Structure formats: structure tokens, C-alpha cells
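Here is a quick tour for someone meeting this structure for the first time. Have a look at the sequence and the model, then read on.

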Amino acid sequence: MALWMLLIGRIWSGLGLGIIVQSVPVYIAEIAPKQYRGRLVSLASMASVTGNLIAALVNIGVEGLSFGWRVSLGLHLILACCLIIGSPLIPESPRWHVKKNKPHKALKTLKRIFKDDRVVASRLEEISASYQKSQYEKTLWKTFFSWDIAHRLFLGFCLLFLSRMCGISLALYFSVSIFYKIGISGFIGAVILTLSLLIGQILVLLIADKFGRKLILLCGYVVMSVCLVAASGLILGFGLEADQLSSDKTIAGYFVVACLALFVGVGALSSMCSFFTCRNQSWIVVSELYPLKIKGLSLSVASSGWWVGTILSGEISPFLLSSSLGTAGTLLLHAVICALIFIFVLLLLPETMQLSLEQVDQLFSTPWLQRTNPLYYLTCGRVNKVQVLAVSSSDEELRGLDISLEDLTNQNDDCDKVTRDTDKLTQTL
């Protein structure tokens with residue numbers, strides 16, 4: 001009977017966790033100002049990582065006690081009660097109020113977020129116009145199955161799925177096994193990886209809204225791939241998986257730990273680093289991709305990529321480690337996957353930083369090359385392209401202007417020349 005109660009409780013808590021995974025990024029994306037949106041989603045991820053760390057310390061503290069498992073599960077109930085008490089104090093999303101035809105409540109929420117009345121009025125008008133336009137276009141299910149939304153669902157699903165398949169699950173879930181094979185204490189290695197994960201979370205708060213979602217993802221997957229190649233090379237070069245271990249091999253083993261720690265730390269910036277922890281750039285981008293009308297439904301479908309990747313990675317990783325590939329081959333395989341994710345992000349993912357959700361919705365109506373701008377990232381900014389998003393509050397139309405910096409400079413020079421000629425003419429008259 002006790003086993004059935006435990007299973008039912010775990011299923012019930014799993015349902016709650018699934019709701020949180022889907023709803024938290026949506027809520028933050030809808031209510032946060034665009035200049036702080038990435039930072040706030042990252043802060044939620046950091047809070048989750050901190051919670052995992054506290055839970056691990058509690059489990060260590062109650063280990064060996066006959067009632068220890070009751071303490072671990074009972075603390076969850078206390079935290080859940082805190083959430084229940086605090087949730088009514090959280091304002092509802094203004095976009096939700098607009099969707100439910102309650103503009104006065106949306107205005108009240110916006111005034112809590114923005115202090116400038118002009119900004120409040122502008123944001124309310126933009127949200128209302130965007131929602132009214134979506135109402136006239138198609139019904140809910142026609143919109144959901146349209147090519148535009150299907151394209152975004154593909155991006156979101158693949159981004160979250162690949163973020164779980166890049167090797168993060170392998171490094172965190174099977175770190176003890178990996179370190180044991182190369183002669184390193186699994187406990188020490190796990191602690192180092194956890195600290196690296198926490199440091200990566202702190203760095204996210206500093207750069208999430210400064211360097212762009214796409215740039216962080218691209219740089220992150222490059223570094224992650226290099227770390228995995230280096231770790232694989234060290235294992236092969238020093239024969240760390242051999243039975244006999246020398247002092248040189250032990251030193252090389254710690255270098256492998258350092259490579260994996262850097263891999264996990266950078267992964268905290270660009271992908272998701274453990275069960276419901278580092279949503280970060282991938283979750284930030286996915287939370288920004290979908291229009292208000294079907295945001296919840298779309299994010300639910302996209303987030304299923306996370307769970308599929310979690311299950312698949314958990315099932316495949318032990319098989320790969322015990323196969324002829326070994327630890328080195330498995331790490332090298334995941335390095336290749338990181339390189340493929342780099343190509344995916346480069347060619348298909350647009351930049352969404354500093355854009356309102358309504359502007360992101362309009363961004364997908366622009367041509368593919370203008371939307372993703374891969375040449376800018378491949379040439380490290382030498383091919384400069386500026387995408388101008390001119391959003392009209394009346395018709396909410398996007399005018400994507402692909403203008404080179406040289407053209408802009410020439411236009412500025414022409415404007416300065418006209419200004420000087422006008423001043424001379426005025427003085428003559």
C-alpha cells in the first residue's frame with residue numbers, strides 16, 4: 001500500500017512539475033519588459049539550480065536516518081505552501097487580460113511594470129492591436145496548424161530536444177561513472193561540475209540581455225564542442241580508460257574533469273543543464289517565439305522536445321558508454337552533435353533580443369536570410385546588416401529593411417550636406 005501511495009504521489013508531483021516547466025517561461029516572457037526578459041528567465045533558472053543544490057545537501061544530511069526520506073519529501077510540502085500563499089500576490093499577465101477582454105486590468109498590471117504613462121498606453125495599444133489582428137486572421141486551430149506556426153513549433157521543439165542531446169545529460173547524470181572509469185573520485189568530479197553549473201548560471205544573469213540570444217547560443221556550442229573534443233583526446237592520448245593508472249594519468253584525468261566542467265558551465269549559458277534547471281537561452285528563445293493567441297498550446301508542444309530528449313538521452317547514454325565507443329568515443333559523438341546544433345541555430349534561428357513579443361511575431365513574416373542573417377555571424381560582423389523593425393501602432397505592420405552600414409553612412413552624409421546647404425541659404429536670405 002505504501003508503494004502505491006508513493007507512486008501516486010510521484011505521478012501527481014510530476015504533473016505539477018510539467019505545468020511549471022510550461023507556464024513559468026510563458027509568464028515571464030509575457031510580463032517582463034523586453035530589456036529584462038532574458039535576465040529574468042535566467043534568474044528563474046538560477047533559482048531552480050539553487051533549489052537542486054539545497055535538495056542535494058539536505059539528502060546528504062539525512063542520509064542514514066530511518067525517517068530521512070520523509071524529511072526530504074516533507075520539505076517540498078512547505079515550499080509548495082509558500083507558493084500557494086504567494087501566488088495570489090503575483091499580477092496576471094496583461095496579454096492574458098487583453099485576451100479575456102479586460103483592458104482595465106491589463107492597464108493596471110502595466111502600470112505596476114512601467115512607471116511612464118506614455119509607455120503604458122503604447123504597450124497596451126500594441127498588445128490590443130496585435131491580439132485583435134490575430135482574431136480576424138484565423139481560428140485557433142487553423143492558426144496552430146498554419147505553416148508559420150508549424151515552422152516555429154519545429155524550431156522550438158528541435159532547439160529544446162537538441163539541448164538535451166548535446167551531452168549535458170551525459171555529463172551530469174553519468175559523471176560518477178565517467179570519472180570512475182578514468183580514475184577520478186566521482187564525488188569530487190560531481191561537486192566540481194555542480195559548482196561550474198552554478199557559476200554558469202551567475203554569468204547568464206550578466207550577459208543574457210547584452211550579447212543576443214543567438215550569439216550566446218552559437219559561441220556556447222562552439223566552446224562545448226571543443227571541450228568534448230579535448231576531453232576525448234585526453235582520454236585516448238593518455239589511455240585513461242586502461243586498468244593501470246599512473247600519476248601522469250591522474251593529472252590528465254583532472255584535466256578531463258576541467259574540460260567537462262567548462263562544458264557544463266558554458267552549457268548553462270547556452271542550453272539546459274539538468275532536469276528543470278538551466279532553461280536559459282534555449283528556453284528564453286522558445287518562450288519568445290509564439291503569438292499570444294496560441295502561446296500556451298505552442299509552448300506545450302515545443303517543450304515536449306525537452307522531455308523526449310531527456311528520455312532518449314537517459315536511455316542511450318549508458319549504452320554508448322558501455323559499447324565499443326567507450327567514454328572517449330561517446331564524448332566525441334556528442335561533440336559532433338554540438339557542431340550540428342551550431343549549424344541549426346546559425347541557419348534557422350532569428351535573433352529575438354530587445355524585441356517585444358509582438359515584434360517577434362512580425363519578424364517571422366520577413367524573408368529567411370533577413371530573419372536569420374547567418375552571414376553576419378559567419379564573418380564575425382564584417383558583413384554588417386541592420387534589420388530595422390518599424391512597428392506601427394495603428395496597423396502593426398512590420399517593415400523589415402535590410403540596410404548595410406555603408407548605405408546608412410552615405411545617407412547620413414547626404415543629410416548633413418543638405419542641412420549645411422539649407423543653413424547657408426538661410427544666412428544668404
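Where is the place of N373? N373 sits in the loop between helix 18 (368-372) and helix 19 (374-378). Helices here are DSSP runs (H or I, at least four residues), numbered from the N terminus. N373 has a phi near 50°, a positive value in a residue other than glycine.

You'll find N101 in the loop between helix 4 (94-99) and helix 5. At 65% relative accessibility, N101 counts as exposed.

## A word on the model

This is a predicted model, in which local features need pLDDT of at least 70 and side-chain atom pairs count only at pLDDT 80 or more, while totals for chains, interfaces and linings use all residues. Residues are numbered from 1 along each chain as its sequence is written, and side-chain values use heavy atoms, with hydrogens and water left out.

## Salt bridges

How many salt bridges does a search of the whole structure find? It finds two; the term stands for a side-chain nitrogen of Lys or Arg within 4 Å of a carboxyl oxygen of Asp or Glu. One joins the side chains of R123 and E126, at 2.2 Å from N to O. Both residues lie in helix 6 (residues 117-137), three residues apart, which is about one turn of the helix. R123 is buried at 14% relative accessible area, and E126 is buried at 11%.

R118 and D116 form a salt bridge through their side chains too, at 3.5 Å from N to O. R118 is exposed, with a relative accessible area of 67%, whereas D116 is partly exposed at 33%.

## A buried threonine

Back in helix 5 (residues 103-113) you'll come across T109. Is T109 buried or exposed? At 5% relative accessibility, T109 counts as buried. Leaving aside residues up to four places away in sequence, T109 touches I31, P91, E92, P94 and H97, where contact means heavy atoms within 4.5 Å.

## Helix 8 and its partners

Helix 8 (residues 147-165) packs with helix 15 (residues 295-322) at an angle of about 25°, and their axes are 7 Å apart. Axes are lines fitted to C-alpha atoms, for helices over the stretch in contact, and angles run from 0 to 180 degrees between N-to-C directions. Helix 8 and helix 15 are therefore roughly parallel (under 35 degrees is roughly parallel, over 145 roughly antiparallel, 65 to 115 roughly perpendicular and the rest oblique). Among the residues making the contact are L153, G156 and F157 of helix 8 and A302, G305 and W306 of helix 15. By class, this contact of helix 8 with helix 15 has eleven nonpolar, eight polar and one charged residues. Ala, Val, Leu, Ile, Met, Phe, Trp, Tyr, Cys and Pro count as nonpolar, Asp, Glu, Lys and Arg as charged, and the others, Gly among them, as polar.

Helix 8 also packs with helix 16 (residues 326-348), at about 160° and with axes 10 Å apart. That makes helix 8 roughly antiparallel to helix 16. The contact includes F154, L155 and C158 of helix 8, along with I337, I341 and F344 of helix 16. Between helix 8 and helix 16, the classes come to eleven nonpolar, one polar and no charged residues.

Conventions. Buried < 20%, exposed > 50% of the residue type's maximum accessible area, 1.4 Å probe, protein only. Helix = DSSP H or I, 4+ residues; strand = E, 2+ residues; numbered from the N terminus.
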